[in-house]
Amino acid sequence: WYDPEVRSEPRPMTTEALRALLDDADERRRGYVAAVAALPPDARTVRPGPDSWSPLEILEHLVLAERDVLRSLFSDGGPRPRPRSLRNRVLYGVVMGILRFGVRVRVPSPKMAPTGAPSFEELQAMWDETHARLRSHIDGSGPAELRLALFGHPVSGPLDTGQAVRMLHVHLKHHEKQFAAAVEAAGAG
């Protein structure tokens, strides 16, 4: 059995492959946004259970997680390369395995936890901006720059662009069942 999204040290992705993966992530992202938009505003915050997130909270978590991993795109100096250790390489594989196999874990950083503060419209605008900046980074970078560890995850540490995009893509897939259950509960409530 082999899944390229779970490899601890994936081969560098071509710009075309990165764009294709980001296109798929954008399609999934638009699905999340459309599902929340279709709910009445008061239903967006309905939780399916006491320890569960509402559709809007899941959306907020996805937005905040991506912004945290890609935070260097928003810094004044722009992305700067960071060294990676063997530990980082191993932890990347662990995080990807957790996401890929649907293991339920705590949010790895308080910056990724939903607060309920941003509105749906604010979250949508933030997510659009994050993906626009990421796409601009990919389009404006050569193969050597795409292999630099410019991004970071609170557990796995520094990530190159391909690893960051793979992780964001798998993270979107990781929350699909949880999100579908929350939307169904919100619609029934």
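H1 passes H7 in a left-handed crossing, a term used when the near helix is turned anticlockwise from the far one by less than a right angle (clockwise would be right-handed). Helices here are DSSP runs of H or I with at least four residues, numbered from the N terminus. This is a predicted model, in which local features need pLDDT of at least 70 and side-chain atom pairs count only at pLDDT 80 or more, while totals for chains, interfaces and linings use all residues. Residues are numbered from 1 along each chain as its sequence is written, and side-chain values use heavy atoms, without hydrogens or water.

**H1 and H7**
- Helix H1 (residues 15–38) packs with helix H7 (residues 176–188) at an angle of about 15 degrees, their axes 11 Å apart; axes are lines fitted to C-alpha atoms over the stretch in contact, and angles run from 0 to 180 degrees between N-to-C directions.
- That makes H1 roughly parallel to H7 (angles under 35 degrees).
- Arg-28, Tyr-32, Ala-35 and Val-36 of H1 make the contact with Glu-176, Phe-179 and Val-183 of H7 (heavy atoms within 4.5 Å).
- Five of these residues are nonpolar, none is polar and two are charged; Ala, Val, Leu, Ile, Met, Phe, Trp, Tyr, Cys and Pro count as nonpolar, Asp, Glu, Lys and Arg as charged, and the others, Gly among them, as polar.

**H2 and H4**
- Helix H2 (residues 55–69) and helix H4 (residues 120–139) cross at roughly 30 degrees, and their axes come within 10 Å.
- H2 and H4 are therefore roughly parallel to each other.
- H2 passes H4 in a left-handed crossing.
- The residues in contact include Leu-56 and Leu-59 of H2 and Phe-120 and Trp-127 of H4.
- By class, the contact of H2 with H4 has nine nonpolar, two polar and four charged residues.

Key
Helices (H or I, at least four residues) and strands (E, at least two) are DSSP runs, numbered from the N terminus. Angles under 35 degrees count as roughly parallel, over 145 as roughly antiparallel, 65 to 115 as roughly perpendicular and the rest as oblique.
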